[in-house]
Amino acid sequence: MEHLCNVATAIEADRIMALLETNDIACYRMEKGAGSYLSVTMGMSLTGYDIYVDESKIEDAQALIAEIEEVE
């Protein structure tokens, strides 16, 4: 798996992951450092959420992310 991006909120991570999965790109998210602990205790991660995708699909995933950024 290869790092795709880091986003600030779990909602944003879920939105991106749903788009990736809809396009048959396997992915998962992970919090950095103490982020997992902070997610449980504070309800959010101060370090954001990293999204990882299959290495063979990284270019497709990056193209989808670029489309999202153009719309916003």
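Glu-31 is buried, with a relative accessible area of 18%; buried here means under 20% relative accessible area, exposed means over 50%, and partly exposed covers the range in between (1.4 Å probe, protein chains only). This residue belongs to strand 2. The model is a predicted one, in which local features need pLDDT of at least 70 and side-chain atom pairs count only at pLDDT 80 or more, whereas totals for chains, interfaces and linings use all residues. Residues are numbered from 1 along each chain as its sequence is written, and side-chain values use heavy atoms, with hydrogens and water left out.

The overall architecture comprises 3 helices and 3 strands. These elements are DSSP runs numbered from the N terminus, a helix (H or I) having at least four residues and a strand (E) at least two. Along the sequence they follow the pattern β-α-β-α-β-α. The protein has 72 residues, of which 35% count as buried.

The interior may be considered next. A nonpolar core is a set of buried Ala, Val, Leu, Ile, Met, Phe, Trp, Tyr and Cys residues joined through side-chain atoms within 4.5 Å. The largest such core has 17 residues, and the members that touch the most others are Leu-4, Val-7, Ile-16, Leu-20, Ile-51 and Val-53. At least two residues of this core are supplied by each of strand 1, helix 1 (10-22), strand 3 and helix 3 (58-71). Helix 3 provides the largest share, with 5 residues.

The cysteines come next. A disulfide is defined as a pair of cysteine sulfur atoms within 2.5 Å, and by this rule the count is 0. Cys-5 is in no disulfide, since its nearest cysteine sulfur, that of Cys-27, is 9.7 Å away. Cys-5 is itself buried, at a relative accessible area of 14%. Cys-27 is likewise in no disulfide, the sulfur of Cys-5 being its nearest at 9.7 Å. Cys-27 counts as buried, with 13% relative accessibility.

A search of the whole structure finds 1 aromatic pair. Tyr-28 and Tyr-52 form this pair, which is stacked, with 5.2 Å centre to centre and 15° between the planes. Tyr-28 is partly exposed, at a relative accessible area of 32%, whereas Tyr-52 is buried, at 18%.

The whole structure likewise contains 1 salt bridge, a term that denotes a side-chain nitrogen of Lys or Arg within 4 Å of a carboxyl oxygen of Asp or Glu. Arg-29 forms a salt bridge with Asp-14, and their closest N and O atoms are 2.7 Å apart. This pair, too, links distant parts of the chain: Arg-29 is in strand 2 and Asp-14 in helix 1, 15 residues apart. Arg-29 is partly exposed, with a relative accessible area of 31%. Asp-14 also counts as partly exposed, at 42% relative accessibility.

Together with Met-1 and Met-30, Tyr-28 makes a nonpolar surface patch of about 280 Å². Patches are made of residues with over 30% relative accessible area and no salt bridge, like charges being joined within 9 Å and nonpolar side chains (Val, Leu, Ile, Met, Phe, Trp, Tyr) within 5 Å. The areas come from the Shrake-Rupley method with a 1.4 Å probe, and for residues only the protein chains shown count as cover. Met-1 is found in the segment before strand 1 (2-7) and is partly exposed, with a relative accessible area of 48%.

Two loop residues complete the account. Asp-24 is found in the loop between helix 1 and strand 2. The phi angle of Asp-24 is near 60°, a positive value in a residue other than glycine. At 65% relative accessibility, this residue counts as exposed. Glu-55 lies in the loop between strand 3 and helix 3, and it counts as exposed at 53% relative accessibility. The C-alpha atoms of Glu-55 and His-3 are separated by 8.7 Å, although the residues are 52 apart along the chain.

Technical notes:
Phe/Tyr/Trp six-rings, centres within 6.5 Å; stacked < 30°, edge-to-face > 60°.
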